[in-house]
Amino acid sequence: MYANKWMISLAVLALAGCGGGADIAPAPAADEAGPSESAADLVIWGGAIYTARDDEPMVGAVAVRGNRIAFAGPEEAAQAWIGEDTRLVDLNGGAMYPGFTDSHVHVYGVGERERTLNLDSVTSLADMVASVEAAIAETPEGATLAGRGWIETHWPEARFPTRDDLDAVSPDNPVILYRADGHALIANSTALAAVGITRDSVAPSGGEILFDADGEPTGLLVDTAMFAMSPLLETPSEEVARETYAEGARRLASLGWAGAHDMSVPWTMVPIIEGLAEAGELPLRTYLSVGPEGYAPLAAGGMRDVAEGRVITRAVKLYMDGALGSRGAALLEPYADRPETSGLAIAEADETIGIFTQALRDGIQMNVHAIGDRGNRYFLDWVEEARDQVSPEAWALADPRWRDEHSQIIDPADIPRFAELGVIASFQPSHAIGDLHFAPARLGDDRLEGAYAWQSLLDAGAHITGGSDAPVEQGDPRIEFYAAVARADLSGFQGENWHPEEALSREDALKFFTAWPAYASFREDELGTIAVGMRADFTVFSGDIMTIPVAEILTVEPWMTVVDGAVVYESPDSFHHGE
């Protein structure tokens, strides 16, 4: 959902918006081999170890050689894998899982959040204005102040900010502040004047400029209208881009994510990310979905696989519509709380179907943002049209595994179509526990059936996968897992008619962030479960999120993150040390 400065500077968003495990020696029985010939680099035991496999949900110990799992079984049998140089990790009350993977995240945006004005924690409009005032005091004269993270739905003022709010504390410096979802921004008068937005301005297709009762722009720009601010946003140097991306990756790894499906990556960022991996400076396994400008070079060169699978690029991200909070999500019927609009459709049918038909021939995975029920229906309709136009014999992949990113509001009649068309529903559970405070007002109770319908999609036979959409959300795997199983906000509040039956079981929630992201990235043969021969990606938390009370899921601590057998994050406050 997030739209960062890279995307806006490209301004093309609105014009559009395999695995195989390597061979490994079989694990020896304890009496078959001694440490000299079977020693592992790493052995983990002493706590609950969940595999995300139905045939053997738990094991007592795991041994790793190189970047692969060499043994997964009883703790006593793991003794045979211990040698002089083997590192032993005693979970000591903690619990281990396959490496958690965020199926929809913006790694650069996470890093950028750490480097710009972060408005995630503001609790009111007055609080946001005070944050801007403090930041302006540190901003050079005339320089643009950019920030992100505000969301008005829980503010006591109960309204969007306006340019007047910002003018009061920044009359001279341009100020551009992105809403948390990245689909709207508020700009002050100086910024509006600098780019020529006036009462006579007309929004581009797929965008909206809001005006007040006197016909003057309020400063709020939605979706493609945000592109007007591009001249005021400095494009980062390659060095800054590299540092920002690395910082985002480190932050995600420190929370327990071992992998990330990075969305809307500018094509120019791909070699930078690959360079980080090749230099051993990327602590995440990344799967890149590039912006529409990357389609032609990706199709021409084919899938990119760098640093033995640390960075894979094989998908393209498009946009169908905007976001629900800013009323940009395309709905079949008008918004209940603003009946003069039914949202914004960003994609054009002929152009998008043309891209889809070519993608079937080129073997490009299409990952498409769709939030409103109209946006989701358009996507499904256009997938069906493309499949009808291209015979299966002409498809480069028999199983294209295209993805509906967000899949938030779906007409119940369209739910069976996901399985029928082979479309993966990519969800971010935290959206549901944040949106529950405003979605009923936007939609009305009737359209809540089919909203954030995780279990219904699963029951209908669809493949689903889970992520966070950070920096739109916090990007914390504990919050996402909690949201998936509790379907309540962080205080436990759920609200009326929020369809608790759509919550997932803990067993399915674990797969939501492990096995199913592996499938969604064509890597189920080597990622997502704990078994011999699989890649050694693990997430260790201080508690057992599969058994503790639901509210306590939010209190466990990330203790260790392992990627390809290497410890990429280790908490200094953990108690798992057994060396």
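This is a predicted model: local features need pLDDT of at least 70, side-chain atom pairs count only at pLDDT 80 or more; totals for chains, interfaces and linings use all residues.

Tutor: We may begin with Asp544, which is buried (under 20% relative accessible area, with a 1.4 Å probe and protein chains only). Residues are numbered from 1 along each chain as its sequence is written, and side-chain values use heavy atoms, with hydrogens and water left out.

Student: What does the side chain of Asp544 reach?

Tutor: The side chain of Asp544 reaches the backbone nitrogen of Met546 at 3.0 Å.

Student: And where is Asp544 found?

Tutor: Asp544 is found in the loop between β21 (538–541) and β22 (558–563). Here strands are DSSP runs of E with at least two residues, helices are runs of H or I with at least four, and both are numbered from the N terminus.

Student: How many salt bridges does a search of the whole structure find?

Tutor: The search finds 37 salt bridges. One of them joins Asp54 and Lys511, whose closest N and O atoms are 2.6 Å apart. Asp54 lies in the loop between β1 (42–50) and β2 (58–65) and Lys511 in helix α17 (residues 506–512), so this pair ties together parts that are 457 residues apart in sequence.

Student: Is Asp54 buried or exposed?

Tutor: Asp54 counts as exposed (over 50%) because its relative accessibility is 64%. Lys511, in contrast, is buried, with a relative accessible area of 13%.

Student: Which residues are linked in a network of salt bridges?

Tutor: The network links Arg68, Arg285, Arg310, Arg523, Glu526, Arg535, Asp537 and Asp564. Within it, Glu526 and Arg523 form a salt bridge with closest N and O atoms 2.7 Å apart. Glu526 is buried at 5% relative accessibility, and Arg523 is buried at 4%.

Student: What about Arg310 and Asp564?

Tutor: Their side chains meet in a salt bridge at 3.9 Å, N to O. The pair links distant parts of the chain, 254 residues apart.

Conventions
Lys and Arg count as positive and Asp and Glu as negative; His and the chain ends are not counted. A salt bridge is a side-chain nitrogen of Lys or Arg within 4 Å of a carboxyl oxygen of Asp or Glu. A polar contact is a pair of N or O atoms within 3.5 Å; within protein, one must be able to donate a hydrogen and the other to accept it, and residues adjacent in sequence count only if both atoms are side-chain atoms.
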